[in-house]
Each structure stands twice: as C-alpha cells, then as structure tokens.
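Take a walk through this model with me. We begin in the sheet, then turn to the helices.

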Amino acid sequence: MTDTSLSSAPRTPLTLLGTGAMGTALGRAWLAAGHPLTVWNRTPERTAALTAEGAVAAGSAAEAVAANRLVVACLLDDASVGAALEGADLAGRDLVNLTTGTPADGRARAAWAEERGARFLDGGIMAVPPMIGAPGAFVFYSGDPDLFQEHRDTLAVPAGTEYTGADPGLAALHDVALLSGMYGMFGGITHAFALLRGTDVAPKEFAALLVPWLNAMADAAHRTAERLESGDYTTGVVSNLAMQVAGTDTLLRTAAEQGVSPELLSPFLDLMRRRLADGHDAEDTTGLVHLLHTR
C-alpha cells in the first residue's frame with residue numbers, strides 16, 4: 001500500500017507581489033507544485049499569465065498581503081517594496097523580499113518590517129527567469145532563522161535555498177560578491193576576444209580553448225580563501241607577484257599592437273604593481289584584497 005500522505009498534504013498558500021519576468025517564473029513554479037497563489041502587480045494586466053494558470057489576482061497590495069501569512073516580494077527595487085507595502089497591515093506576516101538590493105537595503109528593510117510586526121527574510125536570486133524551476137538555480141536567504149526553517153520547503157520549490165545567516169544583509173552581500181566575480185570574468189573574456197578580433201582565429205575555436213582554461217584557473221579561488229584564512233600569502237606560491245608583474249608589459253604591449261584598449265586589464269595590473277612596490281614580491285595576488293578596502 002502506497003503512503004500518499006506527503007504527496008496529498010496541502011501546500012502552503014502564499015502571496016506574490018510583482019509579476020515581472022522573474023516574479024512570473026517564481027509564481028509558475030509554485031502553482032505547478034500545487035501552492036495556492038495570490039498575486040499583485042502595479043500594472044494589473046501583468047498578472048494575466050499567472051491568473052490563467054490558477055492564481056488569484058488581488059486588487060491592491062494590501063489586499064494581497066491580507067490574503068496569506070507568507071508574502072514574497074519580487075519588485076523593481078527597494079523603494080518599490082516600501083511603496084507597495086506602505087498601506088498594508090504586516091502584523092503577523094512573514095515577508096520574504098526577493099527584490100535585488102544592497103546589504104544595507106536588506107538590514108533597513110528588516111528593521112522596517114519588524115517595526116510593523118512582521119518576520120523578515122531577504123533573498124538574492126542567483127538565476128535568470130528561464131532557470132527557475134530547473135536544477136542549478138538557487139537563492140541566498142538571510143534574516144529570521146525560524147521563518148526560513150518554517151517555509152524552507154515552500155521557498156525551495158522554484159529554486160534551491162542557501163541560508164547565509166541571521167544578519168539580513170548577508171544574502172545581498174553574497175549575491176553581489178558572486179556577481180562581481182562574474183563580471184570580472186566577463187571583463188577578461190571581453191578583452192581576450194577583442195585581442196583576436198580582425199584575425200583569422202575563429203571565435204568559436206578560441207572559445208573551446210578559453211572555457212577549459214578559465215575553469216582550471218577558477219580553482220585559484222580556493223587557494224585565495226585558504227591564504228586569507230591562514231594569513232600566509234607566500235608558502236607554496238608557484239608564480240609570485242614579482243614574476244607576474246614582470247609579465248604585465250607583454251600583456252599591455254600586445255593590446256597596443258592589436259589596437260585594443262587595456263582599460264579592462266589596467267586596474268588589476270595597477271594593483272599588482274602597488275602591492276609589489278610595498279615589498280610583497282614573494283606573494284601571489286591574494287594580498288590585493290587589502291588594497292581594495294577603503295575603510
């Protein structure tokens with residue numbers, strides 16, 4: 001005899017504020033999993049895709065909040081969250097904010113929600129809308145630990161969950177740190193393809209070389225983490241800062257020969273030279289982290 005108690009258990013109802021591309025993707029995942037869903041959007045017509053699939057559209061954000069204890073916001077920015085919820089009664093509600101913001105936004109919004117009687121989680125979505133509901137998508141969460149534990153299964157429906165801590169700013173900090181690493185990589189990729197532009201090298205053939213090279217080099221993040229935690233920036237260094245700085249002239253002269261601006265490389269190379277000038281020739285690039293801190 002099959003135990004159907006789990007599969008037939010009622011799903012947590014929730015409210016979704018914001019039905020743009022990301023909000024709609026989130027809502028579809030919850031609806032597909034059987035969660036009753038109330039939706040609201042500043043432009044009511046944008047709720048049509050979800051109401052066609054079974055969601056209930058609320059006439060106002062306050063009405064949407066009143067419909068369910070669990071309220072998820074996925075709006076344009078932090079100011080939009082404040083504006084949408086200004087007239088809503090948040091007492092006794094669990095507010096999960098998946099709107100992109102800064103760590104300071106998350107902390108301030110948490111205090112704002114708590115003053116109004118709500119528990120609060122901030123979130124950072126590490127996915128684009130087509131990834132929602134598929135393996136690989138995940139969301140950073142930070143804030144009220146009890147809220148997270150209670151609603152973890154529901155929050156995990158559209159994307160995996162990574163709880164980063166009780167500090168409400170940590171989800172946004174993790175989000176932005178990963179995105180910053182991504183854009184640094186994009187900068188290197190852009191410069192590399194610019195060097196080859198106008199030559200006989202086919203971009204697809206070069207990409208087949210570049211991707212495994214970057215994958216191999218990405219392991220340096222683990223070594224950087226180990227060095228930052230130990231405070232030892234020299235033991236086991238294979239290519240020290242003195243050697244690397246000596247080679248930077250080749251990078252810059254090659255860019256000049258190819259008619260490519262060095263503006264994507266120069267800031268990092270300048271930091272390497274500064275660290276070397278401070279007497280850290282035996283280190284790798286880990287110590288550059290210290291040069292970036294402004295306080």
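Which residue of strand 2 does Thr 15 stand opposite? Thr 15 faces Thr 38 there. Before going on, note that this is a predicted model: local features need pLDDT of at least 70, side-chain atom pairs count only at pLDDT 80 or more, and totals for chains, interfaces and linings use all residues. Residues are numbered from 1 along each chain as its sequence is written, and side-chain values use heavy atoms, with hydrogens and water left out.

Thr 15 belongs to strand 1, residues 14-17. Strands here are DSSP runs of E with at least two residues, helices are runs of H or I with at least four, and both are numbered from the N terminus. Strand 1 runs parallel to strand 2 (residues 37-40), and four bridges join them. Two strands pair if DSSP finds at least two bridges between them.

Is Thr 15 buried or exposed? Thr 15 counts as buried because its relative accessibility is 0%. Buried means under 20% relative accessible area, exposed means over 50%, and partly exposed lies in between, using a 1.4 Å probe and protein chains only. The side chain of Thr 15 makes a polar contact of 2.9 Å with the side chain of Asn 68. Such a contact is a pair of N or O atoms within 3.5 Å; within protein, one must be able to donate a hydrogen and the other to accept it, and residues adjacent in sequence count only if both atoms are side-chain atoms. Leaving out residues up to four places away in sequence, Thr 15 touches several others, among them Thr 38, Ala 64, Leu 70 and Val 72. Contact means heavy atoms within 4.5 Å.

Now widen the view. Eight strands form an open sheet with mixed pairing, in the order 3-2-1-4-5-6-7-8. At the edges are strand 3 (56-57) and strand 8 (160-165), each pairing on one side only. Strands of a sheet pair through backbone hydrogen bonds, either parallel or antiparallel. Strand 5 and strand 6 run parallel, joined by four bridges. Leu 95 stands opposite Phe 120 of strand 6. Strand 6 is largely enclosed by the rest of the structure, because seven of its eight residues are buried.

Axes are lines fitted to C-alpha atoms, for helices over the stretch in contact, and angles run from 0 to 180 degrees between N-to-C directions.

How do two helices pack together? Helix 4 (residues 78-85) and helix 5 (residues 103-115) pack at about 15 degrees, with axes 11 Å apart. The two are therefore roughly parallel. Angles under 35 degrees count as roughly parallel, over 145 as roughly antiparallel, 65 to 115 as roughly perpendicular and the rest as oblique. The contact is made by Asp 78, Val 81, Gly 82 and Leu 85 of helix 4, with Asp 105, Arg 109 and Trp 112 of helix 5.

Helix 5 also holds Arg 107. Arg 107 counts as partly exposed because its relative accessibility is 37%. Arg 107 and Gly 169 are 62 residues apart along the chain, yet their C-alpha atoms are separated by 5.2 Å.

Finally, find Leu 196 in helix 7 (residues 170-196). Leu 196 touches Val 201 and Phe 206, not counting residues up to four places away in sequence.
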